[in-house]
Amino acid sequence: MAKRGYRLLESIKRIPGYDPYGKFEQERLARWVSTVRSASSELGRGDIADFCIGRTLSSSPKGDDGVWPCEAARSVLEDVQSDSMMEGARNGVYNSRGVHWRGEGGAQERELAGKYRAWGETLRFSHPFVSSRLMMAIGETYEREASNDDTEAGIRRRLR
């Protein structure tokens, strides 16, 4: 039963919460999250379900204000305040980058870090949990990668 539930959560390609007219509704999303969390907790799989929910929510579009994630997703994340869900969202964001072409050094990662930190600053007062545990954490991850990439580029230059 638990395996089936995990496979089901893994197979979701579109964030639940859309009405029949294609409008994304926070109430629908919140009900879905609540139902999944309740059923998963009964099976002793609450943390992994939260992780999968977070990863699903990482594919949220930007909100009307231009900030990612959209208002409905960020409100649900803020209301639930699950570290496992935030970890899943961070994982989903990080993996969504996919294969990419790199220049020398960490300029690309610094740009990404700046984007997520700016969004985090925007949400700092309205959604503090999402700001600190998701946006700023993603920014820190990309900053570390930028630093590592700069170090590797320096080493490569010295070895030439």
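The model is predicted, and local features were required to have a pLDDT of at least 70 and side-chain atom pairs a pLDDT of 80 or more, whereas totals for chains, interfaces and linings use all residues. Residues are numbered from 1 along each chain as its sequence is written, and side-chain values use heavy atoms, with hydrogens and water left out.

The chain contains seven helices and zero strands, where helices (H or I, at least four residues) and strands (E, at least two) are DSSP runs numbered from the N terminus. Along its principal axes, the C-alpha trace spans about 55 × 35 × 25 Å. Of the 160 residues, 42% count as buried (buried means under 20% relative accessible area, exposed over 50% and partly exposed in between, with a 1.4 Å probe and protein chains only). Among contacts with a separation of 6 or more, 63% join residues 24 or more positions apart, a contact being heavy atoms within 4.5 Å.

The mean pLDDT, the predictor's confidence in each residue from 0 to 100, is 91 for the chain, and 94% of the residues score at least 70. Confidence is lowest in helix α1 (residues 2-11), with a mean of 66, and highest in helix α6 (residues 107-123), at 97. Where pLDDT is low, the predicted coordinates should not be read in detail.

Within helix α3 (residues 46-57) lies Asp50, which is buried, with a relative accessible area of 5%. The side chain of Asp50 makes a polar contact with that of Arg37 at 2.7 Å (a pair of N or O atoms within 3.5 Å; within protein, one must be able to donate a hydrogen and the other to accept it, and residues adjacent in sequence count only if both atoms are side-chain atoms). Leaving aside neighbours within four places in sequence, Asp50 is in contact with Arg37, Ser82, Ser84 and Met85.

Two backbone features occur in loops. A cis peptide bond, with omega about -10°, joins Trp68 and Pro69, and Pro69 lies in the loop between α3 and α4 (71-80). Gln81, in the loop between α4 and α5 (83-96), has a positive phi of about 50° although it is not a glycine.
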